[in-house]
Amino acid sequence: MPSTDLLKEAERVMNICNACRYCEGYCAVFPAMERRKTFLDQDLIYLANLCHNCRDCYYACPYAPPHEFAVNVPKTFDELRVETYQDFTWPNFLSGLFQRNGLAVTLITVVSLFIVLLPMLLLQDPAVVFSTHVGEGAFYAVIPYALMVVPALAVSLWILAAFSVGFFRFWRDTGGRLGELANLQALVGATWDALRLKYLEGGGHGCSYPDERFSHTRKWFHHLVFYGFMLNLASTSVAAIYHNVFHWDAPYPFFSLPVVLGTVGGIGLLIGTAGLLWLKGQMDPGPTNPRAFGMDIGFLVLLFLTSLTGLLLMFLRATPAMGMLLAIHLGVVLGLFFTLPYGKFIHAIYRFAALIRYSIEQSHERPGSSAKG
Amino acid sequence: MLIKRLSTLLLIWRSETQLNIDLSQTFDVLVVGGGNAALCAAMTASEAGATVLVLESAPKDFRSGNSRHTRNLRYVHGSPTDFLTGSYLEEECWDDLLRVTGGKTNERLARLTIRESTDIGEWMETHGCKFQPPLRGTLQLSRTNAFFLGGGRALMNSYYDTARKLGIEVAYDSEVEDLTIDNGNVSTAVVVSNGDSHEVRAKAVVVASGGFEANIPWLKEYWGEAADNFIIRGTPYNQGRMLRALLDKGAKPVGDPTQCHALAVDARAPKFDGGIVTRLDCIPFGIVVNRDAKRFYNEGEDFWPKRYAIWGRLVAQQPGQIAYSIIDSKSIDKFMPSVFPPIEASSIREMATKLELDPSALVETVTTFNSAVQPGTFDSSDLDDCATEGLEPPKTHWALPLEAPPFYGYPLRPGITFTYLSVAVNEQARVMMQNNNPLPNIFAAGEIMYGNILGQGYMAGFGMTIGTVFGRLAGREAARYALD
């Protein structure tokens, strides 16, 4: 469980908000709050993860600091979220990675780089590493295919397990039953809300980010990051099909599907992460949880580096730099993937779970149901 | 870390530059106050070509007076909009106003306000206001009142942003202490800004600095020591200094100086600025007793929205200006949650101890009440037939015996929303003198002139209507005068 003080503070804030309700037009948190009269720990964890940190409510709030009520929903919920990330971490002993997450992610990435670079430099003939390779199988000349794929599959299974355990722990600890998840309408609704980032729209006018003025900038940068990431996943999947089904070996031509998907996605990621970092630089500290700063920056920088090294590899793959770039890219990707469940990325899992719960609650209230508005 | 530090520095630099205003220049229009009426006047005057300085006595974080606690605005419209259902026309609005004020209104100014409010939402939107579609909390007013997305502070943030884009200067922590009037013409305002006194010259002045509800010594002139026990629901910055200055210089007063809009709020509320969350909607569901554990008014006289505004005065008239609403477990889920948890007890005697009331007196009051309750069918959505018989004062609706523990108690105090005393204005928002001559270049808008239109009572969202309409009027006329 998150710390008692933090839960108490979140409960105090929600009791004030629930007596006011001016913010109900901004996002899902306030309508979800209005369905409750009292706030159990499970309600607070759910609401904290439903919050997209758009900050509209902070600037609208007549009770925000320096008012003596000191209502700061975005900051309180951000603090609570980070604690829930720790709580739901699988395996448990890795939950400490959230303590100083920026540092943890950096160290893991450095180790990952060494894991790829050292064996290559020690075991592979330097003449092979530092010479030009072209044509099918060029990458595998430097690092054998099996050495790329087997660790990647292992890490993928590991993180899928971590995501699943985290999801179900969240679901259980917010009072959910497994049977509730068999609700296609709710799943579709939550997916749609997540894919369009509905709740970064603040009732249609945008986030108050980086300052009190409404703006859609952050939403668009986030879209670039998310869809850039998805395009890169798609690129990898298509490449896997090419390799395993059609037996076409990478590298693929510039205008082949995997390269086009990867390039477009990579540029999206590059712009999106740079944009979000730039916004963070101008961010108003008022509604900000300073303890999440390292976690947010760590993940964004890592995504940026993944994309940068990938694009460099693509453009310089026919030069002698390819060997080193390939190893660096793979090292960064390894670091990124391994830290997905132990860094900022994990917000997507719990946010999605919270959106599903919200969608289920909404479906109980549609016309024809007995619940009172 | 470096980026964070730089951004903090940038923020400090930005807020400091806001005070770097050349106060030695002559402004076309000086706006005293920083709430809705003030900003509407400032934006209108600026758009007419005037140079405008806004003097807000509060620091930036607490700017906007009582507007920061508002939520909606009433305006007439012929057809539904994205934010309003149905239509609401002048005659209906006038009837509503006549009913709540009991006729204490200036019909010319009231009708002017109502007519000028037609489709005012569109003007507000072009000046940054964002409305929200009707949601659960707003449905009961969705035909007559448009709700600001995020409430009044969000509205005011948008207005301040628009003002900034228009090039309007805003000085915070700047209270106008006096106006210099020569031959009926105001020429300078004495401003204390961040501790320093300045004389600011202006061709015209819009006074939109609110009432005097936060000025406890002034309230004591009418309420005596009881005013020490009043809770002020809104800004502590409404000291009425401009109202006093104008009246002292011979402006014509309007509105009963002894009256204020007051409801019963939770006695645990902060002295100032508690806003909406300190209200209590529990009164119709139980009994209300005073310090002597005696009931003093019919708690079920009428629907709560029609009666909540009389309870401030009722409590103010009780000894010690305190009362207690007591309900039982049957009713705890029947009203909006309030910000402070109820005081809980398993018996009436225990409740009396916790509320520091005489236990046997409270037990007797409850027993007498319970035995006077007649059988009926409880329905909180209707004026039901659950009433007492042979009890003084009676409870004429929603009377159920207090018998199902746990019992819940809420302490009540009078919560002052605004005062009615105002300066009289004409149809150009010019301040009127006692000889019925308007001052040529002093205009008033907002709470400082509510009393012209709201002589008593209140109508939800209409204060913002008066502020918006008269703010625009005052801004337009002030700019016209200054630029002539």
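## Contacts between and within chains A and B

In this predicted model, 31 residues of chain A are in contact with 30 residues of chain B, where two residues count as in contact if their C-beta atoms, placed from the backbone, lie within 7 Å. Because the model is predicted, local features need pLDDT of at least 70 and side-chain atom pairs count only at pLDDT 80 or more, while totals for chains, interfaces and linings use all residues. Residues are numbered from 1 along each chain as its sequence is written, and chains are lettered from A and ligands numbered from 1 in the order in which they are written.

**The side of chain A that touches chain B**
- Helix 1 (4-20) and helix 4 (56-60) of chain A are the elements that give two or more residues to this side, helices being DSSP runs (H or I, at least four residues) numbered from the N terminus.
- Helix 1 of chain A gives the most, with five residues.
- By class, this side has 13 nonpolar, nine polar and nine charged residues; Ala, Val, Leu, Ile, Met, Phe, Trp, Tyr, Cys and Pro count as nonpolar, Asp, Glu, Lys and Arg as charged, and the others, Gly among them, as polar.

**The domains of chain B**
- Chain B is divided into domain 1 (27-256 + 420-483) and domain 2 (263-416), with bounds that come from an automatic or database domain assignment.
- The contact between these domains takes 13 residues from domain 1 of chain B and 17 residues from domain 2 of chain B.
- On the side of domain 1 of chain B that touches domain 2 of chain B, seven residues are nonpolar, four polar and two charged.
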